[in-house]
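This report goes through a few features of one protein chain, taken one at a time. Please look at the sequence and the structure before reading on.

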Amino acid sequence: MRQPRLRRSMTAFVALVAAAALTACGGSGSGTDSGKDALEAPGAEVLDKATDKTTIEFWHGMKGANAAAIDKLVADFNAQSGGKVEVKAIFQGNYDETIAKYKASVQQKSTPALVQIYDIGSRFMVDSKQTVPMYKFIDKDKFNAGDIEPNIANYYSIDGKLQSMPFNTSTPLLYLNKEAFVKAGLDPTKPPQNLDEIGEMAKKLTVKDAGGKTIQYGFGAAIYGWLLEQLIATDGKEYCDNGNGRKGLATKVQFDQETGVRVAQWWADLVKGGYATNTGRKTDDAQAAFKAGTVAMHLESTGAMRGYIDAAKGKFTVLTAPYPKANSSATGGPIIGGASLWINGVGHSDKEKRAAWEFVKFAASPGQQAKWHTGTGYVPVNAKALDEQIDKDWVAQYPQFKTAVDQLHALPPSVASAGCLLGVMPQARKASEDGLEAAIVGSKPADQAMKDAAASVKPAIDSYNKSVS
């Protein structure tokens, strides 16, 4: 499942970005390789010829059931490595804490050989010049990267070249309360496909008691910047300039343009009309409202699906539908979320780099991705995992999950659905939430709210870009 969203300590994050980026571009890591060959991919012979065991650290940000799944993955890899490689999985806190510790390790020249970094940390990882781009290992081994889901690989690629290996991936979905739809005279097998349709159905799905108190809202979701990013992508629009930061460093965010303003106005109108509840920015609160049955339609990650199904047992039936389009004419698709694996080259020996790659290959294999998928609820990054019997059985038990897979396969990859590569993307996401919230609570008109929010992140973008130029 997707990690619970946490309120990000943005001041600390931005300070670390500038400091670590300056150090990273010329720094070295923990081991012996700090020359120009540090970012090259060694061949299998370095481990074949080794006479001793190679031990590497794998930093990650998973906890609970997800951490247990990682521990099992690591144990299985170590067992089949023939004593040549030992991976040590080390929990570093949530996603923000993990990347903060990683940036500190760059400055201290003590990076781990392998690290899991969330999606919006990708720009920093590329700019840090600490890691061996994944495509170099792929080319070295003639590894079949074609089995990696194209829309997932698209996010972690620049100029068609994979920079890191996708690991845990989520997609956004529209969640529905089946019984609420039936009672409202709506067909749950014909869910809304765009925001206008959600708005119209929300009116019919809103229920008041005899005293006029709303006991069920038609719509509800957390004021979460990731959800706005998805809607901009479904409209085929780019979140930031310079080809979503893929043709060069992005210099500005674009959520203050037409689509972003339209989303903010739409959301504000629903809340003002009493057809949507405003649970604020905390994901847990929005999720709790849907689990309680007080919200009939809800936007969230596929990672929440299993928890919703379990919580709704005996109360209502959870259905899933593709993430809505921004409007009826939109032809784009949503962006993935989650995290990927990065192999550090600077400061690490060829044996360490190769050991990390062997684990990455193992983790991305169909059999392991099927186990990872069924153990966590994340979308398998390897398309062939869906052919594994354990995976088929799991999807049969939870047919709601098929929506996520079908959605991934529905559209070809695009620049818009690849998402924005931005060095201060966490801060940009928070700024977009500032704008959305201002519009929803009515403290500013939607257009002004989004304009001010976009302007607020510009200094941080400029500072980051200067630090890595």
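## Helix H15

The model is predicted. Helix H15 covers residues 350-363, and at 1.5 Å a residue its 14 residues should span 20 Å; the C-alpha atoms at its ends are 20 Å apart, which agrees.

Which residues of H15 are buried? They are Lys353, Arg354, Ala355, Ala356, Trp357, Phe359, Val360, Phe362 and Ala363.

## Packing of H15 against H6

Two packed helices are described by the angle between their axes and the distance between the axes. For helix H6 (residues 134-141) and H15, the angle is about 85° and the axes are 11 Å apart. H6 is therefore roughly perpendicular to H15.

On the H6 side the residues that meet H15 are Met134, Phe137, Ile138, Lys140 and Asp141. Their counterparts in H15 are Lys353, Arg354, Trp357, Val360 and Lys361. Among these, Lys353, Arg354, Trp357 and Val360 are also buried residues of H15.

## The nonpolar core

The largest nonpolar core has 134 residues. Those with the most contacts inside this core are Phe219, Val253, Phe255, Met297, Phe359 and Leu422. The element that gives the most to this core is helix H21 (residues 446-468), with ten residues.

Phe359, in this group, is one of the buried residues of H15. For Val253, leaving aside neighbours within four places in sequence, the residues in contact are Tyr239, Cys240, Leu422, Ala428, Ala454, Val457 and Ile461.

## The disulfide

How many disulfides does the model have? The count comes to one. It is formed by Cys240 and Cys420, whose sulfur atoms are 2.1 Å apart. The pair links distant parts of the chain, 180 residues apart. Cys240 is in the loop between helix H10 (225-234) and helix H11 (241-245), while Cys420 is in the loop between helix H19 (415-418) and helix H20 (425-441).

The torsion about the S-S bond of Cys240 and Cys420 is about 115°, so the disulfide is right-handed. Cys240 is buried, with a relative accessible area of 0%, and Cys420 counts as buried at 6% relative accessibility.

## Around Gln92

Gln92 is placed in the loop between strand S2 (85-91) and helix H4 (95-107). Is this residue, Gln92, buried or exposed? Gln92 counts as buried because its relative accessibility is 10%, and buried means under 20%.

Not counting residues up to four places away in sequence, Gln92 touches Trp59, His60, Glu97, Thr98 and Lys101. Lys63 is 29 residues from Gln92 in sequence, and their C-alpha atoms are 9.6 Å apart in space.

How values were computed
Residues numbered from 1 in each chain as written. Predicted model: local features only at pLDDT ≥ 70, side-chain atom pairs only at ≥ 80, totals over all residues. Heavy atoms only, no water. Helix = DSSP H or I, 4+ residues; strand = E, 2+ residues; numbered from the N terminus. Expected span 1.5 Å × (residues − 1). Buried < 20%, exposed > 50% of the residue type's maximum accessible area, 1.4 Å probe, protein only. Core = buried A, V, L, I, M, F, W, Y, C linked by side-chain atoms within 4.5 Å. Contact = heavy atoms within 4.5 Å. Disulfide = S-S within 2.5 Å. Axes fitted to C-alpha atoms, helices over the stretch in contact; angles between N-to-C directions. Parallel < 35°, antiparallel > 145°, perpendicular 65-115°, else oblique.
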